[in-house]
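Work through the exercises below with the model open beside you, and try each task before reading its solution.

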Amino acid sequence: MARRVAVRRDITDRPGKGKGHAVATPYLGGVAIAICVLAGSTLLPQWRAEAVVLVAAALLVGTIGLVDDIRALGPLPRVAVEVVAATIVFAAGARAQLGGPVVNYLVTVGWLVVMTNAFNLLDNMDGCAGVVAAVTGTGLAVAALLQGQVLVGGLAVVVAATSVGFLVHNWHPARIFMGDAGSLFLGFLLSAIALKLRFPGSHLSSIAAVILLAGMALFDTTLVVLSRVRAGRPIQIGGVDHTSHRLQRLGMGPPVVALVLAVGTGVCVTLGILVGRDLIPPMGVLPPVAVVAVVGWVLLLRVSVYDQPDPTVPQPRRRRTPVVDEARATP
């Protein structure tokens, strides 16, 4: 239904520089995702006002993403809305527990804004954002249900199931994209759910677990930032320099790339659950994971992705060489 509306209204993502699709593809997949999550969450047991606030804040972020899909916005309006939504979530009780109120507020807002946009960056190839959302949602659900958090786990199940349903239409070749409306909505909601998790282990274990649960999005965002800083390119301007694009340059097709990201996310999520439940000490996992991440960044940064000049990046002007009239120059 969303696809038909998008085609009728010409709300499509057209092919262009830095895009992997060859034909105009409808947006509004994010609208379908948001509607399904909202409908599914109302069926959960122990429905409380706090869960309504979480979904409503995510819908607010998804709405600004929808506006961005229809008419491009700059980063400032998006970030401003994300900060407002994060403040609402913090007031509702989904927050970091690291210190005083001010510290907790700043960490909560920073976490939600960074992770929302990190997930948005993952939506750059057929199936990629969908599989990461599905696996991450499943991991959050398992972690919550093991701790008896029925509402948090149920909401994570709804997000995971909706993501799987979307993948039916977004698997390569995609018939519809989730757009910023979907990626911002899912990224914000998954990040908010992660703040609601309560692990039986130590405080350090809980922090490490949440970081590992978001491992794939953090890996890709760090790779993109390092790549663009290294190449002297603006960080905020998109390009074909993500993990998925580099894997594709190595010869993998979009379905294989999506599966690789799914496996990587699954490993991170599994480690996060084990660390959060104190089955593995955090210092026994974080150093090896950090080493693997650094090796991955080094290897992927060696893959050339800036072969052709990007028209969105100002190019240095070439100095014109003066033409010398040899006849006049000869005495």
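This is a predicted model: local features need pLDDT of at least 70, side-chain atom pairs count only at pLDDT 80 or more; totals for chains, interfaces and linings use all residues.

**Exercise 1: the second largest pocket**

Solution: Turning to the helices, at least two lining residues come from each of α9 (203–213), α10 (215–231), α11 (243–249), α12 (254–276) and α13 (282–301).

**Exercise 2: the packing of α3 and α4**

Task: Decide how helix α3 (residues 49–70) is oriented relative to helix α4 (residues 75–92), and describe the contact by residue class.

Solution: Begin with the geometry, in which the two helices pack at an angle of about 175 degrees and their axes are 9 Å apart. Because angles over 145 degrees count as roughly antiparallel, α3 is roughly antiparallel to α4. Next, list the contacting residues, which include V53, L60 and I64 in α3 and V81, I88 and V89 in α4. By class, this contact has 13 nonpolar and four charged residues, and no polar ones.

**Exercise 3: an aromatic pair**

Task: Classify the pair formed by F90 and Y105, and state which helices hold its two members.

Solution: The ring centres are 5.3 Å apart and the planes stand at 80 degrees, an edge-to-face arrangement. F90 lies in α4 and Y105 in α5 (residues 101–122), so the pair ties together parts 15 residues apart in sequence.

Notes
Residues are numbered from 1 along each chain as its sequence is written. Side-chain values use heavy atoms; hydrogens and water are left out. Helices (H or I, at least four residues) and strands (E, at least two) are DSSP runs, numbered from the N terminus. Axes are lines fitted to C-alpha atoms, for helices over the stretch in contact, and angles run from 0 to 180 degrees between N-to-C directions. Angles under 35 degrees count as roughly parallel, over 145 as roughly antiparallel, 65 to 115 as roughly perpendicular and the rest as oblique. Contact means heavy atoms within 4.5 Å. Ala, Val, Leu, Ile, Met, Phe, Trp, Tyr, Cys and Pro count as nonpolar, Asp, Glu, Lys and Arg as charged, and the others, Gly among them, as polar. Rings of Phe, Tyr and Trp (its six-membered ring) pair if their centres lie within 6.5 Å; planes under 30 degrees apart count as stacked, over 60 as edge-to-face and the rest as tilted.
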